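Subject: Structure handover

Hello,

Here is the structure for you to look over. My notes follow below it.

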Amino acid sequence: MGDQVDERLGSDELDSDAAGGAAVKADELCMEIDPPPLQENVATAEDWRRALSKVVPAVVVLRTTACRSFDTESAGASYATGFIVDKRRGIILTNRHVVKPGPVVAEAMFLNREEVPVHPIYRDPVHDFGFFRYDPGAIQFLNYDEIPLAPEAACVGLEIRVVGNDSGEKVSILAGTLARLDRDAPHYKKDGYNDFNTFYMQAASGTKGGSSGSPVIDWQGRAVALNAGSKSSSASAFFLPLERVVRALRFIQKGSETYVDKWKAVSIPRGTLQATFLHKGFDETRRLGLKSETEQMVRHSSPSSETGMLVVDSAVPGGPAYKHLEPGDVLVRVNGEVITQFLKLETVLDDNVNKNIELQIERGGTSKILSLLVQDLHAITPDYFLEVSGAVIHPLSYQQARNFRFHCGLVYVTEPGYILFRAGVPRHAIIKKFAGEEISCVEELISVLSNLSRGARVPLEYISYMDRHRRKSVLVTVDRHEWYAPPQIYTRDDSTGLWIPRPAFQPDSCFLSSGFKNVGNIANHPVSLSGEHVHEDNNHGLADGVTSMETNYEDPSAYVSHHNASDAGVKKRKMEEDLPADGSVADVSLNETGETKVGKPNAMQDDVLMDYQGVTAAAANASVAERVIEPTLVMFEVHVPPSCMLDGVHSQHFFGTGVIIYHTKDMGLVAVDKNTVAISASDVMLSFAAFPVEIPGEVVFLHPVHNYALISYDPSALGPVGASVVHAAELLPEPALRRGDSVYLVGLSRSLQATSRKSVVTNPCAALNIGSADSPRYRATNMEVIELDTDFGSTFSGVLTDEQGRVQAIWGSFSTQLKFGCSTSEDHQFVRGLPIYAISQVLEKIVSGANGPPLLINGVKRPMPLVRILEVELYPTLLSKARSFGLSDDWIQALVKKDPVRRQVLRVKGCLAGSKAENLLEQGDMVLAINKEPVTCFRDIENACQALDKSNANDGKLHITIFRQGQEVELQVGTDVRDGNGTTHAINWCGCIVQDPHPAVRALGFLPEEGHGVYVARWCHGSPVHRYGLYALQWIVEINGKPTPNLDAFVDVTKELEHGEFVRVRTIHLNGKPRVLTLKQDLHYWPTWELRFDPDTAIWCRNIIKSLKCSTV
């Protein structure tokens, strides 16, 4: 199939990776658009000038956006080239990989910068060409002519010019000379689009990204070929011959009238045997067994320039040629005519669709006559897909069936989305069995899906082309929350160029009903860990209906490309290898007073209970602490849906260890670090060390400052035996750990095996100093942590206990970012101890009844605690340094007397923007006292804030004594009250996810004065914001001149915008730089919707704000 090393397609991609980029690795598929160098022998310069003056106005820049992944193409935005081949009807010729096999939105920009929307009318199933249409009447200020197609003019030595959008430039003209007309079709990628069964032309023109679809013209201004791809390691460019293009264009012209409002779809007959042929020289065919008399006959019947014959390379399983034609067969005749060229063979096939043809072949010197049915090529080219929870699934196309050697029509995963990514199903997988039912077509998959309810967990079996001989089995979890729209089927409409969605299920489908009324329908059927096949694919991209998302601000095309799937895989692999884990425990007094015994199990259950207790206690050489704490440990697996990656969360998939801190018959609570459960919009699965069961958990509390989260579970889901062996840990908040104390570090391995070691506390009050990440996300601040002399490395988390197994701290994972130079950074994590007092205080409020808003937990509404905090980032400074800044001896002595161990003073690093302390405290201020009491550590400030809650007569302000520029200053500083819900409301508009700025953004110290309530957290590949460059890390402050100070105002403004309307957007970046851009709203593929957490039902609900059929919230 030609050189496989570094050939590439030619369209200039905008979204090659998380940083963006257009450069491509040598062995990867890339879109390209470049014409050849300069040589002139035949025509004069004046001839070329006249020709180019006619050609250039007819060449257009195509800006295409693939709205969904489909078949061989991923979602994304790119530039390419096309040219007018029928001015009256408004037809543009370009490449197939530009037109895209799936949903596409495109615009053509003419030479004078007039822009018109274009719609796909045909993309060839095999060859690299396709057509767009536009309204000729929309071009008012440019005179141009169509470019005639002259495939017969191509010949070796012909001087050519390639006119197109080279590397994103509007017009580029490259020269060259045709060197070959019989090159094998280039092979771009083993799992992507490849052309075949045709010759290509070759010239040393050095085309680059963006030149796909450029006309290859001669000195008379005729197009003799279509630029398609190039070899990145040399200047070679590959051009598609135009014979089949001319045929397709004639069919379109015959079947359509001058452009009117309704374009009529045209059928172009295309036939196939599902076999790939190569053109081999006569010497090679002789070695394959071709008889000499046959060779003589072929040479006599063919032109004198003929150099070889067609040889079978492969046949697709299940196709007409399968088990009839074999690799190495030499094609002699078709329907009695000697055929040695691809063009003649394809003409016969296209003229005999659904008819039998007779083939004469020679196989190893033996002549055979075969009668084969010519199949309709369009019948095996998918024109619909199922979108469910971000996954795109459709019948396997002929293109991919040929690449993978599978049957056409199998159930193919072109994008795993959330539902399949969560299960570990990779791209290009073939689904074979689902929920116990064999799956052979998409309709069968839809039928099985329609009978599943939300939260159901069912097995799925699949195969992949990388490991085709073995099925892999995984567990698929149906979304319990409304992260995505209900499943839809998109069907291509060639008359409009759109893909029309319709519901995949009936309204009464189980899938559309909520499974939350009885969480037991998931949990009453526990999943044995030993029975689950764990499959981890390190090459998953962010999958997202929202197919994939980015956080970066800059235009991706400005950077070097590293494929997005690879980049996301590094992050995922990192999170799996450095699994974040954490533990937190419950106070013994709470257990004694609040814990309710589960009913006595029957005799058989009692035996099972004793067995599990025996297993837990029988670990060889286990310490007392390990035996006591092991039944309280829980392994977390957390997935974040791509549709709601809020608050700067840096990965989709987390692992970690938590500890049960409360367990009664009504509610269980587990504490874990926030590098395992980072945001509330998460799906959490809990696996218990005490009992082999996996059940869902719900995020109920995220501490706004401390690095821990509380997760609830339903104890009844454990069953009577599980609920008996699982219990809460005993918390020991006092006395606090001191330097030199011995502790036991206990945690779980990924195989749920308890591991422990005895360690010594080296520093019980180490202050954290974590810098901001490139994309702001939660970072631990104003915290003192515990350091040990020895641990199990940065991947191990758990708890710190005394000899009796009482928990004194959780050994949790912290996220940070290491930066190398100005532009390179890498996510990193480390583990430290978090004193248990912070958790026990919040737990006591939850159990005894807090003063915050209620939250439904296991069917019972419980008031959740509010946390009063001073929204100021502080850091400690040694008193010796403070003296140098002018701090008096009296204050130094008072601070030493207050805390002779730390010998430090707290200084202000910055106030959170929008906090009540802003504009009162300044960077560098030393906090000396609160309410006249000296302050030396973060806990002193926390205690002062809690004292305000207990005092009835207060205005929420702290009386703070600070030292500023040599002077003592007394201030009344307000505090802020925060809940533990995290972000609970987000809006997706035109493919960007906006939310209120989260604390990590506010910690940067800047909020726009024009309004700061609409912060862009993410953007989606293939969306309008991707196409027009509205990236993350900025605020939207105005739309069409109307202010958007908050999300409610934003909704009011966007509800008035219509489909296809250009919108003027004013933004302000995190660095304060303002910008104005325009984008075109697309409600067909990207409706406006919101995701909101409802505390009354504990469900994340998805509501449509504006779509083509709906315009109410």
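Predicted model: local features only at pLDDT ≥ 70, side-chain atom pairs only at ≥ 80, totals over all residues.

Residues are numbered from 1 along each chain as its sequence is written, and side-chain values use heavy atoms, with hydrogens and water left out.

(A cavity is a set of points on a 1 Å grid over the protein atoms alone where a 1.4 Å probe fits but cannot get out; lining residues have an atom within 4 Å of a point. Points are joined across faces, edges and corners, and the volume is the space filled by probe spheres set on them.) Its lining has 16 residues, and Asn197, Gly271, Thr272, Glu346 and Leu349 lie nearest the centre. By type, 10 are nonpolar, four polar and two charged. (Nonpolar is Ala, Val, Leu, Ile, Met, Phe, Trp, Tyr, Cys and Pro; charged is Asp, Glu, Lys and Arg; the others, Gly among them, are polar.) Helix α6 (342-350) gives the most, with four residues. Strands β15 (271-272) and β16 (275-281) each supply at least two. (Helices are DSSP runs of H or I, at least four residues; strands are runs of E, at least two; both are numbered from the N terminus.) Domain 1 (45-255) and domain 2 (271-378) each contribute at least three residues to the lining. Those bounds come from an automatic or database domain assignment.

Next, helix α22 (residues 1047-1054). Six of its eight residues are buried. (Buried means under 20% relative accessible area, with a 1.4 Å probe and protein chains only.) Among them are Leu1047, Phe1050 and Val1053. The buried residues pack against β57, β58, β60, β61, β64 and β65. At the helix start, a side-chain oxygen of Asn1046 comes within 3.2 Å of the backbone nitrogen of Asp1048.

Last, the two side chains. Arg422 sits in helix α8 (residues 417-423). Its relative accessible area is 11%, so Arg422 counts as buried. A polar contact of 3.4 Å links its side chain to that of Asp683. (A polar contact is a pair of N or O atoms within 3.5 Å; within protein, one must be able to donate a hydrogen and the other to accept it, and residues adjacent in sequence count only if both atoms are side-chain atoms.) His653 is in strand β35 (residues 653-663). His653 is buried too, at 5%. Its side chain makes a polar contact of 2.9 Å with that of Glu637.

Best wishes

Methods
Buried < 20%, exposed > 50% of the residue type's maximum accessible area, 1.4 Å probe, protein only. 1 Å grid on protein atoms, 1.4 Å probe; cavity = no way out; pocket = protein on both sides within 12 Å on 5 of 7 lines; lining within 4 Å. Contact = heavy atoms within 4.5 Å.
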